[in-house]
Amino acid sequence: MSSLLQAKNVTKSFGGGIFSKEEELIAVNDISLNLEVENPKIIAVAGESGSGKTTLARLLLGLINPNKGSVEYLGKNLKDMKGKEKRDFRREVQPIFQDPYGSYNPFYKVDHVLYSPIKNFKLASKGEEARKMVEKALELVGLVPSETLGRLPHQLSGGQRQRVMVARALLLQPRIILADEPVSAVDASLRATILDSVKKLNKDLGISVIYVTHDLTTAYQISDEIMILYKGVLKEAGPVEVVIKNPKHPYTQLLIDSIPQANPKLKWGKLDISETQELLDQPGLGWRDS
Amino acid sequence: MTSSSFKGLRVKDLQVYYDTPEGVVKAVDGISFSLPQGKRLALVGESGSGKSTLSMALMRLTRAPGRIAGGNIFLDEDDILDLDVEEMRLARLSKISLVPQGAMNSLNPVLRIKDQILDGLFDHQVFGSKKITKDEQLSKVNELLSAVELLPSVADMYPHELSGGMKQRVAIAIATSMDPKVIVADEPTSALDVVVQRTVMQTLGRLQEGLEASIVLVGHDMGLVAQFADFVGVMYAGRMVELGPVNSVFEKPLHPYTRLLIRSLPTLENKEDFVGIPGLPPPLLNLPPGCTFCTRFGRENKNTPPWKEISKDHWISECEVCSDIGK
C-alpha cells in the first residue's frame, strides 16, 4: 500500500525560545496519520479547543512546518517541495475552512471564487468549458447554478456559502479534502446537507477526506476512522464504530458523555467531571481495532 | 391556568415588527405562551425564525427599526409593556435578566470582573443608601462567584484573562445577582466546547432551580434543548408552530417542521443517511397570510392555521395542507 498523505510522528510547539519568558506549548505531540492511495476514506480528527486539531490540519496542508517528524505527500516531504510539485500538492489537497463568509471577498460575486482557481491552474482553455465545469461542480453539491451564480456572498445563506466552498474545492479535482470545522458556523438543519455532499465526494469520486471537528456526532455519522486529541496528544484512535460505541480512554468517555443527545430519555452528564479530571492526562491508547 | 393567580411568564399575541423602506418585516408575529414559575422553556428554530427577536422583546431591548407592535408580556400579573422607561430599567436584572449570546463580547474589556458584577447592584441600590465597606462589597462578589463555581481570585481579573466558559459563568453570576423571576438565556453556550457547555448549563440550571426562576432558553441545538428544557417551542418564520412538554414533542412531534428538524439531527445511535430540510424559510418581508410552511414545499394554504391544543399542554398550528410532510 502506498501512502498518499502521511504524517510521521509530527510534533509542533510554539513559544519557549531561549529569550522567551513563556513556557513552551506543545500543540501537536508525536502524531502520525496515514491516508492510502488505494483506499480513500474519511478520517475524523476530533477534540476540543486547544487539542491541537487545527495545528495538525495546518501541518498537513504544509502551511507550517513541524519541529520534529515529517509530513509527506506521495512520499515527498512537504518541506522540500518546490515549483511544480508544490503546485500539484496545492491543487490536489484542498482545504475547506470553518467560516464560509471569511473565505469570500464581499465585493466580488461568488463566481469569482469559482472561476479564479480555473484560471490560476489553467484547467480550462475556453470560457464555455470553464462555465460547464463550474455548473457541474455546483450541481454535485446540490446547488442550482442559475440561483447561485451572479450573486454576492451576502445574498446566499450560510449553508449555500459553505457548499460553494465545497464546489470550489471540487473544481480542482483534488485527491484529498481537508475540512476544518466546515459546519460549525451553519444551522443544525443545514449541517446534514453539507456533510452529505462531503460523504458523497468520498464514496462516488474516491476523494479522501480529513474532517477536523469538535462534534463527535457528525464525526460518527460520516467518518470511517477517528482520532481523539487532547492537549496535543492522541488519546485514542480507530474505526468510529469501535471508538464511539466502546470508548476506553477517560477523555473519550467524558466527551461522549457530555454530548447533549436529542432524546430527553438519554440523560446527559452521568460522569462526574471533578472525578475524571486527573484521569484525562492518562497516556494515549493509540490505535484500537476492537 | 387562570390569569389572575398565574405565577410566571405569560406572553400574549406578541408582535415585533421591523419597519424597512421596502415594507414591514414581521419578525415575531403573534406569539403566545405561558411559562409557569420554576419551569424551563426552550425556543428553537432555524436562523431568522425570530427566536432572538422574541428574547430581546421579552427584555424590552428591541432596537429601532424594530418595535413591539402589539401584545402583552405578563410577569406574574404585571404587563411589563406598561412600565415606563425608568421602571423597566429597574425591572431588568431584578425581575427579568439576560444571559447574552457570546459572553465574550458582552463584558467590558477594561473593567475588573468585580466591578462589572457590582455595577448592576449599585445601580439598583441593592445596598440601600448606606455606605458599605469594600469588604462587604467583596463578600457579595465572592458569594456570587462561588455560586457559579469560580474562584474568588477571578474578581480581580479582566475578561481577557478568562476562558470562554469562565466568561459565560461571570455572565450567569451577573444575571442571577438580584434573584430575578425570569432568566432569558440567548444561546448561552453556542461558542463553547461540549464538556464546558455541559458544566455551564448544569450551573445555570442549578441556580435557576435555587431561585425558583423561570428560564427562556433560546438555541438551535436540539440536543441541548432535549437535555435541559421542560417545554419546547418551535418557531418558524416568526410564528410558533409547536409548543409542548419536551418528552411529548420529541417522542411525538405533531408539526411537519418539528418532525423534519428532529430528523435532520445526527445521532450516536445508528448511522443513517442524512436528511436535511429542503428549501429555505420564506423571506419575512410582506409575508402573505396563510401557512408559512406550505410555501417551502410548493403548497398553498391561504388560511392562517389555527393554534390548537392537541393533548395536554401540547399545541400546534394545525394546517391540513402540509400535515403529512415528514410522516
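Which residue is the bridge partner of A:Leu229 in strand 10 of chain A? Point 2 has the answer.

1. Some ground rules. This is a predicted model, where local features need pLDDT of at least 70, side-chain atom pairs count only at pLDDT 80 or more, and totals for chains, interfaces and linings use all residues. Residues are numbered from 1 along each chain as its sequence is written, chains are lettered from A and ligands numbered from 1 in the order in which they are written, and side-chain values use heavy atoms, with hydrogens and water left out.

2. A:Leu229 has A:Leu234 as its bridge partner. Strand 9 (residues 225-230) and strand 10 of chain A run antiparallel, paired over six bridges; strands count as paired if DSSP finds at least two bridges between them. Two residues sit between the strands of this hairpin, and A:Lys231 in the turn has a positive phi of about 50 degrees. Strand 10 (residues 233-239) of chain A is mostly covered, with five of its seven residues buried (buried is under 20% relative accessible area, with a 1.4 Å probe and protein chains only). Strands here are DSSP runs of E, at least two residues, and helices are runs of H or I, at least four, numbered from the N terminus.

3. The chain B sheet. Four strands make an open sheet in the order 2-1-4-5, with antiparallel pairing. Strand 2 (23-36) and strand 5 (78-79) of chain B each have a single partner strand, so one side of each lacks a neighbour in the sheet.

4. A well-covered helix. Helix 9 (residues 256-263) of chain B is largely enclosed by the rest of the structure, because seven of its eight residues are buried. Among them are B:Tyr257, B:Arg259 and B:Leu261.

5. Where the chains meet. Contact (heavy atoms within 4.5 Å) involves 38 residues of chain B and 43 residues of chain A. The buried area is about 3500 Å², with 58% from carbon and sulfur atoms; that is the accessible area (1.4 Å probe) that the two parts lose on being put together, summed over both. There are two salt bridges between the chains, taking a side-chain nitrogen of Lys or Arg within 4 Å of a carboxyl oxygen of Asp or Glu. A:Asp257 forms a salt bridge with B:Arg198, the closest N and O atoms being 3.1 Å apart.

Methods: Buried means under 20% relative accessible area, exposed over 50%, partly exposed in between (1.4 Å probe, protein chains only).
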